[in-house]
Amino acid sequence: VQETELQHRLAAMEERLRLLEDQLALLRLINTWGPAVDTGHSEAAASLWTDDGILESDLSYLVGPHAVADMVAGDGQQALVQQGAAHVPAFPVLTVTGDRASATGYTTVYRHTPQGYEVWRVSANHWEFRRGAGGWRVARRTTQVIDGGPKAKELLRGALEKEAP
Amino acid sequence: VQETELQHRLAAMEERLRLLEDQLALLRLINTWGPAVDTGHSEAAASLWTDDGILESDLSYLVGPHAVADMVAGDGQQALVQQGAAHVPAFPVLTVTGDRASATGYTTVYRHTPQGYEVWRVSANHWEFRRGAGGWRVARRTTQVIDGGPKAKELLRGALEKEAP
Amino acid sequence: VQETELQHRLAAMEERLRLLEDQLALLRLINTWGPAVDTGHSEAAASLWTDDGILESDLSYLVGPHAVADMVAGDGQQALVQQGAAHVPAFPVLTVTGDRASATGYTTVYRHTPQGYEVWRVSANHWEFRRGAGGWRVARRTTQVIDGGPKAKELLRGALEKEAP
């Protein structure tokens, strides 16, 4: 093996490894949100966001981890926690570009009721991520409930425009 | 390190990397179907299929990307898009063998109604994939609604017969 | 490249590859449970467990693959199979540490009825895995239905305490 060829081959493999690890790390980040909000753990929920992270949805517009924490600790979310809820994200379409990444996919929220489980919300999501000193964080999440309207469709269309990571 | 040993080790690692990348690429392919059909984007939906790809289900039997595009552009699917729907695939059991691959898993379709969300269909799926010049495509997808009958069970049994990739 | 530096670099990459492969293998193990129980295949369901594996839930406490097989072959599960059911796990938060691993996440069970699909159970799950001669197996799975009570929340909190793999 020529030394330069070897260096090139090793560097290419390390880059490919990093891309795979990034995808699994981003899925982990996305999948931590449910356990955080369904146990009412406001600090854990807030820690997923960048300092200037935005959570935008048909329900609210929150800027920064403190606003996220306040929402999770608030009456609406705590009532849901008491009732029993499950925020279940599906495996999204992921795209990683260096220290930025995005994901598009569905989330379903189930709510426990005395009559059984209700599919409370099915939503379209677009996440934007940034990698910093502490690893990947959510820079922006936009969520729109799927109700036939154009907003959720616009988010879902994001999954169709992207190149593979 | 002996040079032949090094060559062998590098080649083995590249093969393992490729297998991991293939699995994530196949998941991406599967996960793009929902956003395509739920936005009524017939071209994006069709582009997931090989030229001779087959979509077989209890609802239809389609051959080729044009037939898939026609189905997505058709009245039934467009009515579903207007109403608001989410085709959500679960993470399937995947098997990759060179330029062929298969997957077995569940899909849930939620439909928005004036009374809330309805779990419209829960189905068993078996996908077959082929890798070509443009990457992985769906060569065949067989879908059967889960209703206690033998067809869905036959598909699901495919997940139990396969070796790990 | 210095030979020792090269050795170090190759070993580090092999370790990272292994960790990625482990995560996909564990997901495969988790995702095989549904097809096994929804087809009533008691042997396939049992084969996922270690010899001393435990399946603990609000419904039962089973020790060992034989007990798991008996549960799957039993009247309750077989009635569910006849009716049509789908045990769909979401992508969990995974942590791998050498030959041990754990996962925390949601499972939804849909049941087919003459009136359509019922979301029968939404549960929180904590899995513990061990790697043996035959690969990864489930050493313990604890499942609690999400109903607002503390048990499911205690399981979900496990996802918030773990370091990334």
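Begin by selecting Arg16(C) and Glu21(A): their side chains meet in a salt bridge, 2.7 Å from N to O. The term salt bridge here stands for a side-chain nitrogen of Lys or Arg within 4 Å of a carboxyl oxygen of Asp or Glu.

Before moving on, a word on what is on your screen. This is a predicted model, in which local features need pLDDT of at least 70 and side-chain atom pairs count only at pLDDT 80 or more, while totals for chains, interfaces and linings use all residues. Residues are numbered from 1 along each chain as its sequence is written, chains are lettered from A and ligands numbered from 1 in the order in which they are written, and side-chain values use heavy atoms, with hydrogens and water left out.

**Stop 1: where chain A meets chain C**

Show chains A and C together. How many residues does each chain bring to the contact? Chain A brings 36 and chain C brings 35, where contact means heavy atoms within 4.5 Å. The two chains bury about 3100 Å² between them, with 66% of that on carbon and sulfur atoms. (Buried area is the accessible area, taken with a 1.4 Å probe, that two parts lose on being put together, summed over both.)

Two salt bridges link chain A and chain C, and twelve residue pairs, both members at pLDDT 80 or more, are in polar contact across this interface. A polar contact is a pair of N or O atoms within 3.5 Å; within protein, one must be able to donate a hydrogen and the other to accept it, and residues adjacent in sequence count only if both atoms are side-chain atoms.

Now colour chain A by element. Helix H1 (3-38), helix H4 (75-83), strand E3 (85-89), strand E5 (100-113) and strand E6 (116-132) each supply at least two residues to the side of chain A that touches chain C. H1(A) gives the most to that side, with 20 residues. Sorted by class, the side of chain A that touches chain C has 19 nonpolar, eleven polar and six charged residues. (Ala, Val, Leu, Ile, Met, Phe, Trp, Tyr, Cys and Pro count as nonpolar, Asp, Glu, Lys and Arg as charged, and the others, Gly among them, as polar.)

**Stop 2: chain A by itself**

Hide the other chains. Chain A has five helices and seven strands; helices (H or I, at least four residues) and strands (E, at least two) are DSSP runs, numbered from the N terminus. Along the sequence, chain A reads α-α-β-β-α-α-β-β-β-β-β-α. Its C-alpha trace spans about 70 × 35 × 30 Å along the principal axes.

**Stop 3: helix H1 of chain B**

Bring back chain B and select residues 3-38. This helix, H1(B), has 36 residues and reaches 53 Å from its first C-alpha to its last, close to the 52 Å expected at 1.5 Å a residue. The expected span is 1.5 Å times one less than the number of residues. After H1(B) comes Gly40(B), with a positive phi near 70°.

**Stop 4: where chain B meets chain A**

Next, select Arg9(A) and Glu14(B): they form a salt bridge whose closest N and O atoms are 3.0 Å apart. Chain B and chain A have two salt bridges between them.
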